[in-house]
Amino acid sequence: MKEERYLTVALGKGRLAKKAMESFEAIGISCEEMKDKDTRKLIFVNEEKKIRFFLAKGPDVPTYVEYGAADIGIVGEDTILEEGRNIHEVLDLGFGKCKMCICGPESARELLKHGELIRVATKYPRIARMHFYDKKQQTVEIIKLNGSIELAPIVGLSEVICDIVETGSTLRENGLVVLEEVCPLSARVVVNQVSMKMEHDRITKLITDLKETL
Ligand code: PRP
């Protein structure tokens, strides 16, 4: 009999990985080693189910999946849209719910409405371009930042930001508001195109089981 190969699952480090592992546990696939908070290991194997998990930076998950270094990935829709990789998006896991929004001080609302040439600070330049250039057909200057995006309009780097809003606390505590909603976001399961064919039965079973837990 042909020996079963390991299915490899890439998880975005952090909150999403923890929630994703809870979903896998709910369908009987656990990985005790991963629960050790002090571990510096990056790869975790479930020998019985022939599945291995690895932890990567969120934005790298679609890359691992596109190149086939991972068969499956669990990642936020924001990252999928921003990376624009050639992968199959197969399931909305329903957790990690938040929204991509255009935010800023209330005073920026008029600038947005009149299509002025404003500056937009963001960690997501591709999503910002899709929103302003493709959807709204508005020319803006996009400034790429790597975090704490809410700072930008406060210190005068930009008029607005394109960023994730979850509870809205960061905006509130910094005197900013949502000006436009771009799209809803949540955690998704993505699959490599070739794996989808070569490991069709195992991957379909996994997705069906995950779907039943929702
Ligand atoms: C994210 C996002 C917002 C904040 C939104 O930042 O970029 O800043 O969370 O959450 P809230 O609506 O619940 O306040 P994150 O914590 O990932 O850090 P970063 O800004 O440094 O990327």
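A residue counts as buried when its relative accessible area is under 20%, and as exposed when that value is over 50%, with partly exposed in between. By that rule Ser-195, at 7% relative accessibility, is buried. Keep this scale in mind as you look at the structure, which is a predicted model.

**Domains**

Let us start with the overall layout. The domain assignment divides the chain into domain 1, made of residues 7–96 + 186–213, and domain 2, residues 99–184. Taken over C-alpha atoms, the centres of domain 1 and domain 2 are 30 Å apart. Where they meet, six residues of domain 1 are in contact with ten residues of domain 2.

**Helix α1**

Helix α1 covers residues 15–26. Its twelve residues should span 16 Å at 1.5 Å a residue, and the end C-alpha atoms are 17 Å apart, so the two values agree. Which residues of α1 are buried? They are Ala-17, Ala-20, Met-21, Ser-23 and Phe-24. These residues lie on the same side of α1, because they cover an arc of only 155 degrees around the axis.

What covers the buried residues of α1 includes the strands β1 (7–12), β3 and β4 (72–76), together with helix α9. Just after α1 comes Gly-28, which takes a positive phi of about 85 degrees.

**Helix α9**

The buried residues of α9 are Arg-202, Ile-203, Leu-206, Ile-207, Asp-209 and Leu-210. Because they cover an arc of only 160 degrees around the axis, they sit on the same side of α9. Turned away from that buried side is a face with the exposed residues Asp-201, Lys-205, Lys-211 and Glu-212.

Ser-195, the residue from the opening, is found in helix α8 (residues 193–198). Leaving aside residues up to four places away in sequence, Ser-195 touches Asp-71, His-200 and Ile-203. Ile-203 is also among the buried residues of α9.

**Aromatic pairs**

How many aromatic pairs does a search of the whole structure find? The search finds two, and the table sets them side by side.

| Pair | Arrangement | Centre to centre | Between the planes |
|---|---|---|---|
| Phe-24 and Phe-53 | edge-to-face | 5.0 Å | 75 degrees |
| Phe-54 and Tyr-64 | edge-to-face | 4.9 Å | 70 degrees |

Phe-24 and Phe-53 are both buried.

The pair of Phe-54 and Tyr-64 also links distant parts of the chain: Phe-54 belongs to strand β3 and Tyr-64 to helix α2 (residues 61–66), ten residues apart. Phe-54 has a relative accessible area of 12%, so it is buried. Tyr-64 is partly exposed, because its relative accessible area is 35%.

**Cysteines**

How many disulfides does the structure hold? It holds zero. A disulfide needs two cysteine sulfur atoms within 2.5 Å. For Cys-183, which is in no disulfide, the nearest cysteine sulfur is that of Cys-162, 8.1 Å away. Cys-31 is buried, with a relative accessible area of 4%.

**Two loop residues**

Asp-36 sits in the loop between α1 and β2 (43–46). Is Asp-36 buried or partly exposed? At 41% relative accessibility, Asp-36 counts as partly exposed. Asp-36 and Val-194 are 158 residues apart in sequence, and their C-alpha atoms are 33 Å apart in space.

Lys-57 lies in the loop between β3 and α2. With 56% relative accessibility, Lys-57 counts as exposed. From Lys-57 to Glu-77 there are 20 residues in sequence and 14 Å in space, C-alpha to C-alpha.

Note on methods: Residues numbered from 1 in each chain as written. Predicted model: local features only at pLDDT ≥ 70, side-chain atom pairs only at ≥ 80, totals over all residues. Heavy atoms only, no water. Buried < 20%, exposed > 50% of the residue type's maximum accessible area, 1.4 Å probe, protein only. Helix = DSSP H or I, 4+ residues; strand = E, 2+ residues; numbered from the N terminus. Arc of directions from axis to C-beta. Phe/Tyr/Trp six-rings, centres within 6.5 Å; stacked < 30°, edge-to-face > 60°. Contact = heavy atoms within 4.5 Å. Domains from an automatic or database assignment. Expected span 1.5 Å × (residues − 1).
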